[in-house]
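Keep the viewer open as you read.

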Protein chains: 2
Amino acid sequence: MTQNDPRQTPLAQSLPATVPFVAPERMEELRGAAFDARLGANELSFGPSPKALAAMQAALAGVWKYGEPENRDLRLALAAHHGIAPEEITVGEGIDGLLGNLVRLYVNPGEAVVTSAGSYPTFNYHVAGFGGVLHTVPYKGNFEDPEALIAKAQEVGAKLVYLSNPNNPMGSVHSAETVEAMIEAVPEGCLMVLDEAYTEFAPARSRPELDTSDRRVIRFRTFSKAYGMAGARVGYGIAHRSVAQSFDKIRNHFGVNRGAQAGALAALADQTYLAQTLERVAEGRNRLAQIAQSNGFVPLPSASNFVTMDCGRDGDYARALVTALDSHGIFVRMPGVAPLDRCIRVSVGLPEELEIFAERLPLALADLA
Amino acid sequence: MTQNDPRQTPLAQSLPATVPFVAPERMEELRGAAFDARLGANELSFGPSPKALAAMQAALAGVWKYGEPENRDLRLALAAHHGIAPEEITVGEGIDGLLGNLVRLYVNPGEAVVTSAGSYPTFNYHVAGFGGVLHTVPYKGNFEDPEALIAKAQEVGAKLVYLSNPNNPMGSVHSAETVEAMIEAVPEGCLMVLDEAYTEFAPARSRPELDTSDRRVIRFRTFSKAYGMAGARVGYGIAHRSVAQSFDKIRNHFGVNRGAQAGALAALADQTYLAQTLERVAEGRNRLAQIAQSNGFVPLPSASNFVTMDCGRDGDYARALVTALDSHGIFVRMPGVAPLDRCIRVSVGLPEELEIFAERLPLALADLA
């Protein structure tokens, strides 16, 4: 229970002390043992490219130096990779950190922001943290609903409208055409936030061409998912240079870890490893779908490194299942909002972790019966 | 030249795109060669404890996992080290990142903040970034002036009043008694920001006892200076728990690099290495003082890992000297504000770097003659 400090801003005093996620490390502490399968945070259990690991190891000798504050080498490499200019890229401490700065740049207290009910909680956390007013629209089945998002953005005069593609927590993905149509429909005065954290796992036809002449959208990518470096904290935004460069006005310039800069550069250069990763993840998704089916669940089609499984009952049942899996040594998460919360969300872990899941899911289900 | 985005907040649009510091890497790019001596960023050229390096290397195997978002192990170790509670500590991406969140928590747009003219620019950057109004008082000789800071804080109704002890860029330090008297005098409604980034280099008699029952002050420490891990990005704040815990309402919970968490923990545990570091830095300070004197400069007494040298002329002369040193392969910085800008600031580097400095300073001075 945090006591308020009356010297703080009214906004700061009004904020709850809740955190977006309870960490698996804390859950392990509570349960008194490590998980046997860490399948809840959509991490890449295979880890990053050995070349990225080697680069991070080599960078340790220079850890006494501050990182380069413009993230220049990485932005140059990303620019070459994407065929855009380095001024159209901003790098930060993960997409989470970038989302915070984005909200800070765009949202005055009391202004409206639109997202889907049940989508990424950390975005919502930052909107609340800067005093924005969050408006949500429901999913349409297992998909975020671009038309409803745009209609709501128009209705409330939103400064930002958020779409993740692929979507977390459902794993669904829209086509490039659908996303492009949403960008075309963004109301005047609003910026579309296209969170593509999982895009490397998705088919190319889900990715609109990068068009950095378009001021209506900022797209976020990360080294935390397909590149396997969640602990390093490197994400980036792609946008018109007037949008991308504005982050320089407020960001923590020396905030990115020096070794992480080197690791991201090496990871990006190893596209062969990325291709192998995508194959392994696809195999894992198939295996998870099998496991779901053989337990009577419906595996939702996934364009990500996780499979969301419709348990066919209500949120209370799924929550009880997550708890039962915890007691069997398995860490998974689930969507937080009805009706998505009829599902559990299982990350592609190592093959042996998936076999542990296959073995213990029936035991957890039996506990609930 | 950044173009404004009219959708952004008036505050964001009003901010300049200037950055607190030009990085040595960018200076090297401009001069077309690496520096022979990197003595400008107050880094610890000796690097961190080998045990910290080993911990960070071992942590690479887990870089695919997000860091633990509560920084719990590190806070527990820091609490034990300092004899306080973990709830009285907040960890962030360096003191820079913590200062940004502090200003966000305390300063409404238009509210007053007090610091010394010529003190830490990144603090000022964050005050401006949240729309605070910065009021400055001059140094008293080579010292920040606690009485003037408090008087100004009272006069303008400041929300925050900043003191660095030891001071950067002058290297001067106040006694614990002086700092305690300043804390006692902090006006109602104001929080004192005591930046102790360099405190490990300073005599113990400059450190007030930690009193986390006192809501009038927050103290910042870092692993970037005496612990030699500037590139890792780990700093922490020590305060009454109502102050320390409020950071949890707004911070980037997964912002600290996972390896950096492990490295900081190991660095803290190796106090023997820290003691060796302090000896080596003291030797380096002595050598820098000799070099200053043999070139007709006055080395200011330093409680830090740098020596500020009074060149005995004006700011234009010192700026020309910094440029001349750059052309001779030496990176140093200097205070930005008169009358402090009669000085150059030279970090304790490796012994061989100091000999390069000793050899080339006369050449740079000859260029100016």
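Begin at Asp195(A), which sits in strand 6 of chain A, residues 191–195; helices (H or I, at least four residues) and strands (E, at least two) are DSSP runs, numbered from the N terminus. Before going further, a word on the ground rules: this is a predicted model, where local features need pLDDT of at least 70 and side-chain atom pairs count only at pLDDT 80 or more, while totals for chains, interfaces and linings use all residues. Residues are numbered from 1 along each chain as its sequence is written, chains are lettered from A and ligands numbered from 1 in the order in which they are written, and side-chain values use heavy atoms, with hydrogens and water left out.

What surrounds Asp195(A)? Not counting residues up to four places away in sequence, Asp195(A) touches Ile95(A), Tyr120(A), Tyr162(A), Leu163(A), Ser164(A), Asn165(A), Pro166(A) and Phe220(A), where contact means heavy atoms within 4.5 Å. Asp195(A) is buried, that is, under 20% relative accessible area with a 1.4 Å probe, protein chains only (exposed is over 50%, partly exposed in between). Even so, Asp195(A) has no salt bridge, a term for a side-chain nitrogen of Lys or Arg within 4 Å of a carboxyl oxygen of Asp or Glu. The nearest side chain of opposite charge, Arg221(A), is 8.2 Å away; here Lys and Arg count as positive and Asp and Glu as negative, and His and the chain ends are not counted.

Asp195(A) does have polar partners. Its side chain makes a polar contact of 2.6 Å with the side chain of Tyr162(A), and a polar atom of the Asp195(A) side chain lies 3.1 Å from the backbone nitrogen of Ala197(A). A polar contact is a pair of N or O atoms within 3.5 Å; within protein, one must be able to donate a hydrogen and the other to accept it, and residues adjacent in sequence count only if both atoms are side-chain atoms.

Now step back to the whole of chain A. It is divided into domain 1 (21–47 + 272–368) and domain 2 (50–269), with bounds from an automatic or database domain assignment. Their C-alpha centres lie 25 Å apart. The area buried between domain 1 and domain 2 of chain A is about 1,900 Å², 65% of it from carbon and sulfur atoms; buried area is the accessible area (1.4 Å probe) that two parts lose on being put together, summed over both. Leu274(A), Ala303(A) and Leu340(A) supply 27% of what domain 1 buries against domain 2, more than any other three residues. Across this interface the rule finds zero salt bridges, but eight residue pairs in polar contact. Helix 11 of chain A gives the most to the domain 1 side, with six residues.

Finally, look at where the chains meet. Here 84 residues of chain B are in contact with 84 residues of chain A, and the two chains bury about 7,100 Å² between them, 53% of it on carbon and sulfur atoms. Arg7(B), Trp64(B) and Lys249(B) supply 14% of the area that chain B buries against chain A, more than any other three residues. How many salt bridges are there between chain B and chain A? The count is six, and Glu70(A) and Arg26(B) meet in a salt bridge at 3.0 Å, N to O. The rule also finds 56 residue pairs in polar contact between chain B and chain A.
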